[in-house]
Amino acid sequence: MENFFGFADHKDFFSRRCIWVNGPVIVGAGPSGLATAACLREQGVPYVVLEKADCIASLWQKRTYDRLKLHLPKQFCQLPKLPFPQEFPEYPTRIQFIEYLEDYAKHFEINPRFNECVQSARYDETSGLWRVKTSEAEYICHWLVVATGENAEVVQPDIEGLTEFKGDVMHVSEYKSGKKYEGKKVLVVGCGNSGMEVSLDLCNHNASPSLVLRDSVHVLPREILGKSTFELAVLMMKWLPLWLVDKLLLFLTWLTLGSIEKYGLKRPAVGPMQLKNTMGKTPVLDIGALDKIKSGGIKVVPGVKRFLHNQVELVNGEMLDVDSVVFATGYRSNVPSWLQESEFFSKNGFPKAAFPHGWKGNSGLYAVGFTRRGLSGASLDAIRIAQDIGQVWREETKQKKRTTACHRRCMSQF
């Protein structure tokens, strides 16, 4: 049974520091958390950012491959209140994006509390406050902003025989470069943007990659007629229905890339933008992998049935000799593992409400970076959250000032 302070016993009370936060607690110091902190600062609202890693944007700094660049033009990836430097290219590199984020944190004086992994967070109905526990302390606050994002934990399927496979096995979050794979036969499981780009990198380092495509995928050129495909889609969606935008995109893609089905790349029945909006599945923006597939440098294969010691059996019965495996099978939200709440967030760790309504819950709970619309979606969330909290903050501050002034007048009469 918990005592008045919410601790199970007195030992827990004395071993864990209790810290009052005069503003929101933001969980996560990735781009979403940084954007929210910057917008709150512009509103004059104090905050605390908790980050389990020892740096900002740990996904970008520690779990991305060397050749990675932003897949979209920089104007769609910049955070609120501070654009990318003009000298940056249209598609900044991983290193340039990290540099931008570090400058962003410095510019807005954002100083996260690093190495503070949130163990649990719950709303206390009695006090009307959020209680956020880390290994170091318990933070008490009126508002909680969940900014851990869509990519907090790796997803790696458990395939029959994988434990018996004798070669190297890694998730794409551990992959850095294809240098050490020269002359190796590498199975890349997953045909999204990461799987395609890792396969291209392996091919460029004289490895022999086989790319697993389990069902279907939309492959679009990164640019059409010299213009960003994404930018073109956004422009068309302002004036045309989504189904027509998809048909035009696929027609322009056919003109640019030709037919891709004969290379084992089957397209989904649903159009690329509709699939993105409804399922959150991002189309692949080709940056050279398709040419390698057409030339035979990258082999597209169907799903994996099971692993053997030095081989893999595919669902069509084909056997492949394999030296190494890279799982480009994505990430997932980790919110259900620590947030004790079920009204706003679903079991998959995403807000139940669809975009653009999934940023605000009840009792001061907010979510940023769960829109499945990349950095532009996270920026939109951050602006809304800061404005919402800022409005309440200013009203409460005015009320406190009025109460204090009234108290002083009363005391002066004695």
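This is a predicted model: local features need pLDDT of at least 70, side-chain atom pairs count only at pLDDT 80 or more; totals for chains, interfaces and linings use all residues.
Select Leu-232 to start: setting aside neighbours within four places in sequence, Leu-232 is in contact (heavy atoms within 4.5 Å) with Ile-224, Lys-227 and Leu-252. Leu-232 sits in helix H6, residues 229-237; helices (H or I, at least four residues) and strands (E, at least two) are DSSP runs, numbered from the N terminus. With a relative accessible area of 17%, Leu-232 is buried (under 20% relative accessible area; exposed is over 50%, partly exposed in between; 1.4 Å probe, protein chains only).

Residues are numbered from 1 along each chain as its sequence is written, and side-chain values use heavy atoms, leaving out hydrogens and water.

Next, select Leu-225, in the loop between strand S13 (223-224) and strand S14 (227-228). Its phi is positive, about 55°, although Leu-225 is not a glycine, and at 84% relative accessibility the residue counts as exposed. Ala-57 lies in the loop between strand S3 (48-50) and helix H3 (58-62), and is buried at 4% relative accessible area.

Move on to helices H2 (residues 31-43) and H4 (residues 94-107), whose axes come within 10 Å and cross at roughly 30°. The axes are lines fitted to C-alpha atoms over the stretch in contact, with angles from 0 to 180 degrees between N-to-C directions. H2 and H4 are therefore roughly parallel, a label for angles under 35 degrees. Show the side chains that make the contact: Pro-31, Leu-34, Ala-35 and Ala-38 of H2, with Phe-97, Leu-101, Tyr-104 and Ala-105 of H4.

Keep Tyr-104 selected: with Ile-110, Tyr-175, Met-196 and Leu-265, it has the most contacts inside the largest nonpolar core, of 69 residues. Such a core is a set of buried Ala, Val, Leu, Ile, Met, Phe, Trp, Tyr and Cys residues joined through side-chain atoms within 4.5 Å. Among the elements giving two or more residues to this core are H2, H4 and helix H10 (374-412). A separate core of 24 residues includes Trp-130 and Trp-338.

Last stop: Phe-355 and Pro-356, joined by a cis peptide bond with omega about 10°.

Key: Angles under 35 degrees count as roughly parallel, over 145 as roughly antiparallel, 65 to 115 as roughly perpendicular and the rest as oblique.
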